[in-house]
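Hello! Here is the structure I promised to pass on to you. Please open it beside this email and follow along as you read.

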Amino acid sequence: MYKESFIDNEIRKLALIFARLMGLKADGKADEFVQLADSTLLNEYNINWDELPGMPLNDFEALLQNSNYNADKLDVLAQILYLRAEPFDASDKTLVCLQKVLLIFDMLEKKYHGQSLGNINKRNFINQYLHNNS
């Protein structure tokens, strides 16, 4: 019971943070958005945004598997990375970040057998983007 409540509280907290991130981005508050996104990645996932491009995909996957995040926490991570990578430019950093988002989507499908229409649309957009910019 305690573990379920803890997990539920963590997911609620991350959902609120993600909603705040979307609001900051929509309001054009870029500095606040970057600060909150980067601190969330570091504090909740132990991921440094500036080091993310240099992390090989297999190391990123190992980090996620060793962390044993539940499906909801993984999904929020994918959403934050996707939002943080916008607006997409043809930089290596964006390409690598989007590949990591796809990896998370793959993990969600394989390990948790879950997909959402939003993630399917994002996957299709990312694949098209990678095809056009690789």
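A word on naming before we start: helices (DSSP runs of H or I, at least four residues) are numbered from the N terminus. This is a predicted model, in which local features need pLDDT of at least 70 and side-chain atom pairs count only at pLDDT 80 or more, while totals for chains, interfaces and linings use all residues. Residues are numbered from 1 along each chain as its sequence is written, and side-chain values use heavy atoms, with hydrogens and water left out.

Let's begin in helix α4, where you will find K73. With a relative accessible area of 14%, K73 is buried (buried means under 20% relative accessible area, exposed over 50%, and partly exposed in between, with a 1.4 Å probe and protein chains only). Setting aside residues up to four places away in sequence, K73 touches E10, I11, L14, E44 and Y45; contact here means heavy atoms within 4.5 Å.

Next, look at how the helices pack. Two packed helices are described by the angle between their axes and the distance between the axes. The axes are lines fitted to C-alpha atoms, for helices over the stretch in contact, and angles run from 0 to 180 degrees between N-to-C directions.

How do α4 and α6 cross? The axes of α4 (residues 71–85) and α6 (residues 117–133) come within 12 Å and cross at roughly 40 degrees. The two helices are therefore oblique to each other (under 35 degrees counts as roughly parallel, over 145 as roughly antiparallel, 65 to 115 as roughly perpendicular, and the rest as oblique). From α4, the contact is made by D75, Q79 and Y82, and from α6 by N119, K122, F125 and I126.

Now for α5 (residues 92–112). Its 21 residues reach 30 Å from the first C-alpha to the last, close to the 30 Å expected at 1.5 Å a residue (the expected span is 1.5 Å times one less than the number of residues). Among its buried residues are T94, C97, V101 and F105, and the buried residues of α5 pack against α3 (57–67), α4 and α6.

The axes of α5 and α6 come within 10 Å and cross at roughly 145 degrees. By class, their contact has nine nonpolar, five polar and four charged residues (Ala, Val, Leu, Ile, Met, Phe, Trp, Tyr, Cys and Pro count as nonpolar, Asp, Glu, Lys and Arg as charged, and the others, Gly among them, as polar).

L95 lies in α5 and is buried at 11% relative accessibility; beyond its neighbours up to four places away, L95 touches A90, Y129, L130 and N133. R123 sits in α6 and is buried too, with a relative accessible area of 16%. Leaving aside neighbours within four places in sequence, R123 is in contact with L102, F105, D106 and E109.

Finally, which residues in the loops deserve a look? The peptide bond from E86 to P87 is cis, with omega near -10 degrees, and P87 lies in the loop between α4 and α5. N46 is not a glycine, yet has a positive phi of about 60 degrees; N46 is exposed at 57% relative accessibility. N68, in the loop between α3 and α4, is not a glycine either and has a positive phi of about 55 degrees.

Happy exploring!
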